[in-house]
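Please read these notes with the model open beside you. They go point by point.

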Amino acid sequence: MIDPSVPEALRARLMALAVDWRNAWLGPTPAPQTVGDSSGPDWAAFPPAAAQVAAQAAAVAPLASLGESMVATPIEPLRAAAAHVAGLVSELRMGERVTLLLEAQGWCLVAAEDGYVGWARAWSLRPLATGELDALLRRRCGRFRDPTGTLWSARASGDAACTLWMGVPLLRPRDATSSRGEVELPDGSRGVLDAAQIESQPPGGEPAQAVERARRLLGAAYRWGGRTPAGLDCSGLVQLVCGLAGFALPRDAAQQAQCGGPLELDPSAWRPGDLLFFGEAGGTADHVALWEGEGCLLHARGRVRRDRFAQLGDLAQRLCAVRRLGPRDWIREPTLWAVPPQPVAR
């Protein structure tokens with residue numbers, strides 16, 4: 001993301017550099033802490049690697065992180081600017097870790113777990129203390145299995161504690177005297193779930209597991225920038241279900257097209273869970289789908305749907321790449337949402 005205050009001439013030079021600005025930021029250097037100290041570059045960039053490359057176009061300093069925070073609301077829009085009317089570029093989900101970069105009038109510029117940079121409301125975030133994430137990981141007991149649901153309070157009032165989405169991390173309550181079936185969410189909410197709603201086994205790191213989860217989402221609405229069953233875009237669907245299967249995928253279809261290994265553009269060579277990318281010939285992928293097998297694919301197009309490849313019409317003519325995920329794409333660093341796979345011995 002390049003800040004709107006960057007002049008067009010400089011923006012053009014920056015866009016020509018080898019930086020994916022969806023996962024980076026460049027803008028004005030934050031105001032100095034010392035009054036009267038105006039020395040240093042006019043521009044700052046994050047991450048440091050982006051600042052280093054951007055130095056080819058202007059005097060740029062690395063933007064220091066303000067620390068890590070956790071998303072404490074069910075879904076938080078990630079916007080292109082610090083305003084409610086700004087475009088939705090992605091979403092943050094409860095329990096995800098973000099890197100805090102800037103604060104401005106109730107908004108925070110953050111880098112999400114997948115590297116995507118955007119603006120979120122400060123009310124959706126809470127600071128993560130040193131060692132807190134490790135403590136939360138030790139209490140992690142699974143994740144919500146169903147596409148959508150409600151966590152009902154364990155208190156006699158029976159109030160709804162929180163709306164749940166597929167994959168939301170579930171924690172063991174801090175006290176040992178909690179009622180059977182009681183779980184805690186990353187925001188501290190507590191309630192009761194049926195055992196069938198809790199997926200406690202770690203992912204197996206098999207692409208076919210992503211297909212199983214995508215089938216549960218058939219009929220879910222399409223929403224540009226969406227990453228939950230409340231609304232999913234094509235790459236948000238693939239990122240979600242592949243993440244639950246143990247794969248660390250970036251946010252956009254064009255970025256995902258760099259994952260896995262290449263396959264021939266021939267359905268006879270494909271297996272369930274292979275990723276199909278669509279775009280202009282020789283250009284950037286702008287749509288992605290999961291191969292289900294038996295001539296069908298699963299994707300978010302108007303809604304999450306199943307289509308026969310042979311009946312896709314013009315879309316089939318835009319098939320530009322097919323990729324197969326493997327061990328090099330597995331999640332390595334655990335977070336509440338990212339669970340490294342434990343493959344079943346064969």
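1. Start with burial. A residue is buried when its relative accessible area is under 20%, exposed when it is over 50%, and partly exposed in between (1.4 Å probe, protein chains only). Cys162, at 9% relative accessibility, therefore counts as buried.

2. Some ground rules. This is a predicted model, in which local features need pLDDT of at least 70 and side-chain atom pairs count only at pLDDT 80 or more, while totals for chains, interfaces and linings use all residues. Residues are numbered from 1 along each chain as its sequence is written, and side-chain values use heavy atoms, with hydrogens and water left out.

3. Now the cysteines. A disulfide is taken as a pair of cysteine sulfur atoms within 2.5 Å. By that rule there are zero disulfides. The closest cysteine sulfur to that of Cys162 belongs to Cys141, and at 15 Å it is too far for a bond. Cys259 is in no disulfide either; the nearest cysteine sulfur, that of Cys242, is 9.1 Å away. Cys259 is buried, with a relative accessible area of 11%.

4. Next, helix 5. Helices (H or I, at least four residues) and strands (E, at least two) are DSSP runs, numbered from the N terminus. Helix 5 is mostly covered, with 11 of its 11 residues buried. Among them are Cys234, Gln239 and Cys242. After helix 5 comes Gly246, whose phi is positive, near 110°.

5. How do helix 4 and helix 5 cross? The axes of helix 4 (residues 207-216) and helix 5 (residues 234-244) come within 8 Å and cross at roughly 125°. Axes here are lines fitted to C-alpha atoms, for helices over the stretch in contact, with angles from 0 to 180 degrees between N-to-C directions. That makes helix 4 oblique to helix 5. Oblique is what remains once angles under 35 degrees count as roughly parallel, over 145 as roughly antiparallel and 65 to 115 as roughly perpendicular.

6. Which residues meet there? Contact means heavy atoms within 4.5 Å. Ala210, Arg213 and Ala214 of helix 4 meet Val241, Cys242 and Leu244 of helix 5.

7. Helix 4 has its own buried set: Pro207, Ala210, Val211, Arg213 and Ala214. Their cover includes helix 5, strand 17 (198-199) and strand 22 (285-293).

8. Last, a loop residue. Ser189 sits between strand 15 (182-184) and strand 16 (190-192). Ser189 is buried, at a relative accessible area of 16%. Leaving aside residues up to four places away in sequence, Ser189 touches Leu151, Ala161, Val183 and Glu184.
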